[in-house]
Amino acid sequence: PSVHFGFGSIEKLSTIELKGNNCLIVSGKNSMKKYGFIDRVTGILKKRKINSFCFTEVEPEVSADTVNNAVETARKNKADIIIGIGGGSAIDCAKAVAGLTSQETPSDVRNYIDGKEEIKKESLFFIAIPSTAGTGSEVTKNAVILYPEKNNKLSLRSEKLVPKSVILDPELTLTMDKNVTAYSGLDALSHAVESYFSKGANDLTKVYSETAINLIFKYLPTAYRDGRNKEARYYMLFASFVAGLSFANAGLGAVHGIGHTIGAVCKIPHGLTNAILLSYVLTFNAKFCPEKLKNLEEKTFKNFIKELFLLNKKLKIPPKYSDVCPDIKNKIGVILSNVSFSGSMSFNPVKITIKEVEKILKDVI
């Protein structure tokens, strides 16, 4: 419902509507506390006479058990406001907490992912404050959660999970190191590219995708080289948000459909997983829908797939999965048996079989 964008916009917490008296702040274990952003949030809330509590145990790939622990913390403190501040996992965790805490009876998040339970009541009042330019989680109805028992990362989905307010302050992204900058930026690129090719794409989402792609190619190398470059950080956060709008409405594809399982099985960061896989999936898809690639190149630049490889090289992304997971050949069977063909995969522009997934995997390892 509301978006606040620009340097210093974190101070909007002083004036935006907050429905409640007890706020749980959900974040990761280090950077937001280290760089003083959690203290800034709690300070603003204190001035507004809102009680605040912190849950700072979110891992880089948030697990179902962590979500359950955060929900328990929210219930214990009678939270009626949830603020997620940090990277995509922190936002996803906070999103799930806002949705599950408001339900009448406690239940494991796995039950909601498996469809045994349904989010029926409105979520708690939820504000998303991303600190990375990549996931676009602040504008989606999905919370991506590691489900260890299924060797996969799966989505909790509900329209009720969409944040009530989003604060996009590029100042928070100045703290990202080179790897996080590269991985999150390429995650945003994968969102923009996949949603462009998605079965659910339309004229509006394609404009979002094209905008994000052009901005990312222009500004991500600069943000990677010089993390304090405010112009680059500003436009990367904007690109991530716009890419989020695109895939939230159009859907994604096989990069995420396959990549979620690879990341879960091989313990590879999500953005890095997508960065390695994107060119290979795009090459596969382009054989069946060359006109889509041609149309994208007219709006961006020629030899798009080649440019993807070159961008990865600039950002020191390994070309193959074996470079980051040496025993991945031994895990192909586990990956193939856990790939989901619903969700993201169902939006891939061409139907993809398990045999074709296996071929792509062999090419990329």
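Tutor: Thr-132 is buried, with a relative accessible area of 13%; buried means under 20%, exposed over 50% and partly exposed in between, with a 1.4 Å probe and protein chains only. The model is predicted, so local features need pLDDT of at least 70 and side-chain atom pairs count only at pLDDT 80 or more, while totals for chains, interfaces and linings use all residues. Residues are numbered from 1 along each chain as its sequence is written, and side-chain values use heavy atoms, with hydrogens and water left out.

Thr-132 is found in the loop between β5 and β6 (142-147); strands (E, at least two residues) and helices (H or I, at least four) are DSSP runs numbered from the N terminus. Neighbours within four places in sequence aside, Thr-132 is in contact with Gly-86, Gly-87, Gly-88, Thr-173, Met-176, Val-180, Ser-184 and Leu-237, where contact means heavy atoms within 4.5 Å.

β5 belongs to an open sheet of six strands in the order β1-β8-β5-β4-β2-β3, with parallel pairing; two strands pair if DSSP finds at least two bridges between them. At the edges stand β1 (2-5) and β3 (51-58), each of which pairs on one side only. On average, neighbouring strands of this sheet are turned by 15° against each other, direction ignored.

Towards β4, the parallel pairing of β5 runs over six bridges, and Ile-127 is the bridge partner of Ile-83. Towards β8 (residues 165-168), β5 (residues 125-130) pairs in the parallel sense over two bridges. There Ile-127 stands opposite Ser-165, and Ala-128 stands opposite Val-166. Helix α4 (residues 88-101) lies across β2 (22-28), β3, β4 (81-86) and β5, and runs at about 170° to β4.

β8 is covered on both faces as well: Ser-165 and Ile-167 on one side, and Val-166 and Leu-168 on the other, are all buried. Its parallel pairing with β1 is made by four bridges, and Ser-165 is the bridge partner of Ser-2. His-4 has its place in strand β1 and counts as buried at 18% relative accessibility. Beyond its neighbours within four places in sequence, His-4 is in contact with Ser-9, Lys-12, Ile-16, Ser-165, Val-166, Ile-167 and Leu-168.

Among the helices, α7 (residues 178-197) packs against α8 (residues 203-225) at an angle of about 165°, with the axes 9 Å apart; axes are lines fitted to C-alpha atoms, for helices over the stretch in contact, and angles run from 0 to 180 degrees between N-to-C directions. That angle makes α7 roughly antiparallel to α8, because angles over 145 degrees count as roughly antiparallel, under 35 as roughly parallel, 65 to 115 as roughly perpendicular and the rest as oblique. The crossing of α7 and α8 is left-handed, a term used if the near helix is turned anticlockwise from the far one by less than a right angle, with right-handed meaning clockwise. By class, this contact of α7 with α8 has 14 nonpolar, four polar and four charged residues; Ala, Val, Leu, Ile, Met, Phe, Trp, Tyr, Cys and Pro count as nonpolar, Asp, Glu, Lys and Arg as charged, and the others, Gly among them, as polar.

α7 also meets helix α11 (residues 270-288): their axes come within 8 Å and cross at roughly 40°, and this crossing is left-handed. In α7, the contact is made by Tyr-183, Leu-186, Asp-187, Leu-189, Ser-190, Val-193 and Phe-197, and in α11 by His-270, Gly-271, Leu-272, Asn-274, Ala-275, Leu-278 and Leu-282. These residues divide into nine nonpolar, four polar and one charged.
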